[in-house]
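Please look over the notes below before taking this model further. They cover confidence, domain layout and the chain contact.

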Amino acid sequence: METAPHYAKLYTKDLHLHYGPKHALKGISLDMKAYKVTALIGPSGCGKSTFLRSLNRMNDTIDNVNIKGSVFVDNVDIYHKKVDEVQLRKKVGMIFQKSNPFPKSIYDNVAYGPRIHGLRDKAKLDELVETSLRRAAIWDEVKDELKKSALALSGGQQQRLCIARALAVEPEVLLMDEPASALDPIATAKIEELIYELKTTYTIVIVTHNMQQAARVSDYTAFFYMGSVVEFDATERIFTSPKEKQTEDYVTGRFG
Amino acid sequence: MTRTKSIIGKAVVSFTGLCAFSAVAAVVWIMGTIVWGGHSHLTWAFLTQAPAAGMTEGGILPAIVGTFMLVVIMSLVGVPVGTITAIYLSEYTSRGSKLANFIRFAVNTLAGIPAIVFGLFGLGFFVQFTGGTLDRLFSPEGKLVWAQPNILWASLTMALLTLPVVIVSVEEAIKTVPRELREASLALGVTKWQTIWRVVLPNSVGGILTGAILAVSRGAGEVAPILFTGAAYFLPNLPHGFTDQFMELGYHLYIMTTQSTDVEKTLPIQYATTLVLLLLTFALNFGAIFMRYRLRSRRVAA
């Protein structure tokens, strides 16, 4: 596994994370390249979601979390004390496993971030909302009912709305934590298609339980097990000729 | 053997039933007596006139208005302070930390202090200390302006008494705001405070309102805290400013039953006053229950 920091939009160096007494991440060093999709796979509790949440410092909001090592975004160590985690999260957006729209209208959901960040101009806001909804491939379904409550949308639509909401603050990286695990196959296919579109503009890191999904959408795959990365390589190689026996067993469904 | 057992069983059932019945009977008895004694005197004139003829005739308007103003000023102070405390407890202290436990302990202790102690504390702290200091600084020629009982000090004392109620209900409401919503906001590069202001508080409005109403119904029913801090024996005029004293329903009732020139003659007035006080408190309590119920069903629907 070669490290090439200057090609990597994000990379971690010997990242350790303790959650109370639990050693959840045991020295993770991983590169995530710009405009590529990096998939994190592994059995439940292996640390992949925890790792993902370390990339935009969402773990800061949880008590008893201790982090050692570094995470670099555009070659800046985001755990350096001069880095403002609020600014960081604008740049590194996140999509959660369970779609979590605010109990507001569709429009207000997408406009939430930009408004707080100071965009007041109605015309510009309208435009940004439309662009974001289009990019998240949901505009055609909701354009006539932007004032409707977001909670009235279907699960798949809610998740794409959440993606639109994340895109509206104009991030460069999107972290996705099992974004399709609660969706039916058709809605899942739409999200996957969307990820494929989005990687032309964004760097994407996605946690998934679904092997086929990792194989379909990602360029690189990291196999996590017990808080460590067992193997990290181009997705094709992970799925066709893994170096490690453990990886092979997992991707072929023999354990996990 | 079995016979003894069945007798004991029946005795236990009868006894527990009797105890339960006594609670119901007490409510029916009290309500019955009050409604029976007071309904005929509960007229429009009674509600809109000041007491007359040495408080043996007339109405209770100043007491109604005084009670109303008391709970309004109390809420304006107590609800924001209680809400902010609840925010601090649930958002800015980590669960189970020493500081959080200490504040919770203080709040619980505050809730357990007898009302009369609040009254005496209000007299000592607000009237004499705070008022006295204000007068020493701003009142020329030693004239008493703030260093005497008034509606402001009474309201502040009452706010202190009802603070735990507000803190507990707002904290409960804040806890029910799903973690996912906060994370959604934080992940958009929104600060913690903005998240509290834009996501947590709007989704806790029900709890804040419930806390306010419970505080008001508690405050409207207490007399001891205002005894020495602002309630007046008799005032035909309504209070015009913070430094005025005021009449209050509960205190008026106490005066009428113990200090009246003719207790027998004023019985209907006493019953009617009690009825107004009870109706007011019940209305507020039912309002709180209704609001909580509506918000709960809305959350389930969403």
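This is a predicted model: local features need pLDDT of at least 70, side-chain atom pairs count only at pLDDT 80 or more; totals for chains, interfaces and linings use all residues.

Two residues count as in contact here if their C-beta atoms, placed from the backbone, lie within 7 Å.

1. Chain B has an average pLDDT of 88. In that chain, 97% of the residues score at least 70.

2. Domains of chain B. Chain B splits into two parts: domain 1 covers 1-41, and domain 2 covers 44-301. Their C-alpha centres are 34 Å apart.

3. Contact between the domains. On the domain 1 side of chain B, six residues take part. They meet nine residues of domain 2 of chain B. What classes make up the side of domain 1 of chain B that touches domain 2 of chain B? Four residues are polar and two are nonpolar.

4. Contact between the chains. Chain A brings 22 residues to the contact, and chain B brings 17.

5. Elements on the chain A side. Which elements of chain A each supply at least two residues of the side that touches chain B? They are the helices α2 (85-91), α3 (106-116) and α6 (155-167), together with the strand β6 (92-95). The most comes from α2(A), which gives four residues.

6. The side of chain A that touches chain B has eleven nonpolar residues.

How values were computed: Residues are numbered from 1 along each chain as its sequence is written. Chains are lettered from A and ligands numbered from 1 in the order in which they are written. pLDDT is the predictor's confidence in each residue, from 0 to 100. Domain bounds come from an automatic or database domain assignment. Ala, Val, Leu, Ile, Met, Phe, Trp, Tyr, Cys and Pro count as nonpolar, Asp, Glu, Lys and Arg as charged, and the others, Gly among them, as polar.
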